[in-house]
Amino acid sequence: MAVYLIGNYLHEARRRRKLTQEELTDGICSPGTLSRIERHSQAPSLGTCKALMERLGEATHHFYLLTDAKELHCYQKSRKILRLLANNQTKKAQQLYQRSLYQVEHKNVSDEQLAIYIETICDIRAGKEPGQAYQTLRLALQMTMPGWEVQDYETSHFLTSQEMLLLNGIAVQKRKQGRVKEASEILDSLRSYIEQHLCDEEEKFCWYPVILCNIAVGLNASMQHEEACELCKSAIKSCVDGGKLMPLPYLLHQKAHALHALGRTKEADIIRMQEEVLRQILQYEKSQLAEEILIAI
């Protein structure tokens with residue numbers, strides 16, 4: 001693989017996209033910090049570098065960064081907490097969160113957004129009302145996207161992982177409040193964003209089935225079962241093409257629901273059998289495969 005100084009890479013990527021330092025760093029770090037990084041007088045933290053790369057629309061898994069032990073510990077623990085939540089091990093996730101993340105001083109807004117997201121998901125699993133969860137996630141999103149509207153994340157800048165997590169979570173909570181149209185607008189815009197802006201195939205395969213599944217849930221709830229069935233078909237193909245297994249049971253469940261509502265009961269029964277078998281198989285490998293659905297929770 002090619003090797004570049006991170007400051008040079010950020011400067012060149014920013015120049016190609018015709019972004020000022022202020023535009024790139026909004027909500028992530030100060031323009032002065034970016035200036036020092038580009039001039040090699042300051043090394044970026046892991047979180048800052050990841051957020052800047054995502055804002056630029058660049059793949060992050062190609063980069064290797066040396067960080068201090070404290071920051072690396074925080075990053076590893078946050079990933080473990082998300083895996084526990086993906087496995088519905090909420091109590092363990094809460095215990096680990098209280099022992100680790102509270103003790104680490106967040107170095108940038110993206111870290112704070114992730115911490116709020118994790119805490120909110122734990123609260124949702126404990127029975128927090130959708131309206132309260134929505135407001136918490138909305139305020140977290142406004143840290144980097146003040147006054148956001150649907151068109152903001154279609155055109156204005158590339159999204160970080162935390163912003164996509166928050167937008168997906170906001171849409172889910174809106175749907176739970178009965179605000180189906182608003183939820184659909186957010187999810188449709190995320191789908192469009194993924195199709196148009198996510199150049200990294202690995203990232204696309206992670207996000208695409210999850211967003212399509214959430215859209216299918218809304219379509220089924222609105223009695224648009226034909227559309228839900230076709231959407232699930234596309235999402236299942238994406239899972240297979242990308243080798244992402246964990247979203248499949250959720251997609252099969254939505255497809256079976258749509259088929260049953262359409263009166264295609266034999267097909268629905270076959271899909272339900274496939275869903276059950278797949279759930280049993282994946283149960284044995286959940287700890288390894290949960291990484292695939294960190295964004296789904």
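A salt bridge here is a side-chain nitrogen of Lys or Arg within 4 Å of a carboxyl oxygen of Asp or Glu. With that rule, a search of the whole structure turns up 13 salt bridges. Side chains of opposite charge can pair when their charged atoms come close.

A word on the ground rules. This is a predicted model, in which local features need pLDDT of at least 70 and side-chain atom pairs count only at pLDDT 80 or more, while totals for chains, interfaces and linings use all residues. Residues are numbered from 1 along each chain as its sequence is written, and side-chain values use heavy atoms, with hydrogens and water left out.

**The chain as a whole**

The chain holds 16 helices and zero strands, where helices (H or I, at least four residues) and strands (E, at least two) are DSSP runs numbered from the N terminus. Of its 297 residues, 48% are buried; buried means under 20% relative accessible area, exposed over 50%, and partly exposed in between (1.4 Å probe, protein chains only). The accessible surface comes to about 14900 Å², and carbon and sulfur atoms contribute 53% of that. Such areas are from the Shrake-Rupley method with a 1.4 Å probe, and for residues only the protein chains shown count as cover. Among contacts (heavy atoms within 4.5 Å) with a separation of 6 or more, 65% join residues 24 or more positions apart.

Helix α15 covers residues 265–283, and R272 and D269 lie three residues apart in it, so about one helical turn separates them. These two residues form a salt bridge. Both ends are partly exposed: R272 has a relative accessible area of 35%, and D269 stands at 42%.

E275 and R279 also sit in helix α15; because they are four residues apart there, the separation is again about one helical turn.

**Elsewhere in the chain**

K128 and D123 form another salt bridge. K128 is partly exposed at 25% relative accessibility, and D123 is partly exposed at 28%. Finally, E12, R15 and R16 are linked in a network of salt bridges.

| Salt bridge | Closest N and O atoms |
|---|---|
| K128 and D123 | 3.9 Å apart |
| R272 and D269 | 3.9 Å apart |
| E275 and R279 | 3.0 Å apart |
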